[in-house]
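Please look over the sequence and the structure shown below before reading on. The report that follows goes from the overall plan to single residues.

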Amino acid sequence: GGVIQVIVQAMDAHPTNKKVQYRALFALINLVNMGVRHKTTTAHVPAERIIERVLESTANFIKCRDVADRGCMVLYNLSLDSRNHDYLRLSKVPLLMGQAVALHSNNRVLESIWNSTTTRLGRTDVLAGAAGHSSGDGLGNVNGGMGLDTSGLI
């Protein structure tokens, strides 16, 4: 197998170890740009499997700013390939990312990543619903889609 496969296996083997999850997410940020394709990757790991693993890790450690930040960056990068959009939508990626933004409201890069990903996935209903809410839907009070350009940061 390839590097992505080894990373996903490590995440599977240590789902409750925050350090393993953080380091794995950190490594995946750039690797998914180089290898992820719909249904398959150069590392023989389906994109759906990577998305599931990243979602699980991010959800489990969402209160940890570093893990939430890195997990959302991986999801952002996965959203750059339009062939992943349907599965990202089905997996409720915008909702999880919105929850991370609400928990870490002072993280402007995270907010921008969420706005960009949500817009890219065509989830303007989520953006409209999030604007002006404080906590009822778990999305927090966020900028209604007018984020910073993070293209040079990732």
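## Elements and overall plan

Helices and strands are here runs assigned by DSSP, at least four residues long for a helix and at least two for a strand, and they are numbered from the N terminus. In this predicted model, the protein has eight helices and two strands, and their order from the N terminus on is α-α-β-β-α-α-α-α-α-α.

Among the contacts with a separation of 6 or more, 66% are made by residues 24 or more positions apart.

The average pLDDT of the protein is 78, and 72% of the residues score at least 70. Over residues 37-42, however, the pLDDT is below 50, although this stretch has 21 contacts in the model beyond near neighbours in sequence. Residues 124-154 also stay under 50, and for them the model has 58 contacts beyond four places in sequence.

Among the elements, the lowest mean pLDDT, 44, belongs to helix H8 (residues 124-130), and the highest, 95, belongs to H4. Where pLDDT is low, the predicted coordinates should not be read in detail.

Leucine 110 is found in helix H7 (residues 108-120), and it counts as buried because its relative accessibility is 0%, where the cut-off for buried is under 20%. Leaving aside neighbours within four places in sequence, leucine 110 is in contact with Ala68, Asp69, Cys72, Ala100, Val101 and His104. Leucine 110 and methionine 73 are 37 residues apart in sequence, yet their C-alpha atoms are 7.8 Å apart in space.

## Salt bridges

A search of the whole structure finds eight salt bridges. One of them joins the side chains of aspartate 12 and arginine 53, with 3.0 Å from N to O. This pair links distant parts of the chain, since aspartate 12 lies in helix H1 (residues 3-13) and arginine 53 in helix H3 (residues 47-60), 41 residues apart. Aspartate 12 counts as partly exposed at 36% relative accessibility, whereas arginine 53 counts as buried at 2%. Helix H3 itself has 14 residues and reaches 20 Å from its first C-alpha to its last, close to the 20 Å expected, and its buried residues include Ile50, Ile51, Arg53, Val54 and Leu55.

Arginine 70 forms a salt bridge with aspartate 69, the closest N and O atoms being 2.6 Å apart, and both of these residues are buried. Another salt bridge is formed by aspartate 86 and arginine 89, whose closest N and O atoms are 2.8 Å apart. These two residues both lie in helix H5 (residues 85-90), three residues apart, or about one turn of the helix. Aspartate 86 counts as exposed at 53% relative accessibility, and arginine 89 is partly exposed at 28%. Elsewhere, salt bridges that share partners join Asp12, Arg49, Glu52, Arg53 and Glu56 into one network.

How many aromatic pairs does the structure hold? With ring centres required to lie within 6.5 Å, the count comes to one aromatic pair. Tyrosine 22 and phenylalanine 26 form this pair, which is tilted, with 6.0 Å from centre to centre and 45° between the planes.

Tyrosine 22 and phenylalanine 26 are separated by about one helical turn because they are four residues apart in helix H2 (residues 18-35). An α-helix has 3.6 residues a turn, so residues three or four places apart point the same way. Both members of the pair count as partly exposed, tyrosine 22 because its relative accessibility is 24% and phenylalanine 26 because its relative accessibility is 45%.

Key: Residues are numbered from 1 along each chain as its sequence is written. This is a predicted model: local features need pLDDT of at least 70, side-chain atom pairs count only at pLDDT 80 or more; totals for chains, interfaces and linings use all residues. Side-chain values use heavy atoms; hydrogens and water are left out. Rings of Phe, Tyr and Trp (its six-membered ring) pair if their centres lie within 6.5 Å; planes under 30 degrees apart count as stacked, over 60 as edge-to-face and the rest as tilted. Buried means under 20% relative accessible area, exposed over 50%, partly exposed in between (1.4 Å probe, protein chains only). A salt bridge is a side-chain nitrogen of Lys or Arg within 4 Å of a carboxyl oxygen of Asp or Glu. The expected span of a helix is 1.5 Å times one less than its number of residues. Contact means heavy atoms within 4.5 Å. pLDDT is the predictor's confidence in each residue, from 0 to 100.
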